[in-house]
Amino acid sequence: LQHTSSTLRILHDADLIVFVTSADRPFSESEKTLLQTSIKSYRKRVVIVINKMDVLERQQGEDHGEATKKRVEEYVVEHAADLLG
């Protein structure tokens with residue numbers, strides 16, 4: 001919560017927003033709220049980074065989590081468009 005309030009205080013000065021979400025839980029409810037209510041209103045360029053993709057590599061299967069990584073990427077792209085407009 002303290003990090004969020006610190007972030008919100010400096011967003012208006014940002015040229016670019018780098019938003020980091022986790023591969024094992026992309027766009028949590030608090031992240032969705034932050035994107036929809038605060039970040040969207042600033043109309044800044046946003047780069048979304050998916051962190052912890054290596055966690056998905058540990059999943060069972062011959063593809064080393066590639067299918068899961070692909071689903072996470074698709075989910076983030078689709079929902080980012082919905083959340084940010």
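Biologist: Which strands each supply at least two residues of the nonpolar patch?

Modeller: This is a predicted model, where local features need pLDDT of at least 70, side-chain atom pairs count only at pLDDT 80 or more, and totals for chains, interfaces and linings use all residues. Residues are numbered from 1 along each chain as its sequence is written, and side-chain values use heavy atoms, without hydrogens and water. Strands are DSSP runs of E, at least two residues, numbered from the N terminus. The strands asked for are β1 (16-22) and β2 (45-51).

Biologist: Which residues make the nonpolar surface patch of about 380 Å²?

Modeller: Nonpolar side chains (Val, Leu, Ile, Met, Phe, Trp, Tyr) are joined within 5 Å, like charges within 9 Å. β1 gives the most, with three residues. The patch is made by L16, V18, V20, V47 and V49.

Biologist: Is V20 buried, partly exposed or exposed?

Modeller: V20 lies in strand β1. Buried means under 20% relative accessible area, exposed over 50%, and partly exposed in between. With a value of 43%, V20 is therefore partly exposed.

Biologist: Which residue in β2 is the bridge partner of F19?

Modeller: Strands pair if DSSP finds at least two bridges between them; seven join the parallel β1 and β2. S22 stands opposite N51 in β2. For F19, the partner is I48.

Notes: Patches are made of residues with over 30% relative accessible area and no salt bridge: like charges are joined within 9 Å, nonpolar side chains (Val, Leu, Ile, Met, Phe, Trp, Tyr) within 5 Å. Accessible areas come from the Shrake-Rupley method with a 1.4 Å probe; for residues, only the protein chains shown count as cover. A salt bridge is a side-chain nitrogen of Lys or Arg within 4 Å of a carboxyl oxygen of Asp or Glu. Helices (H or I, at least four residues) and strands (E, at least two) are DSSP runs, numbered from the N terminus. Buried means under 20% relative accessible area, exposed over 50%, partly exposed in between (1.4 Å probe, protein chains only).
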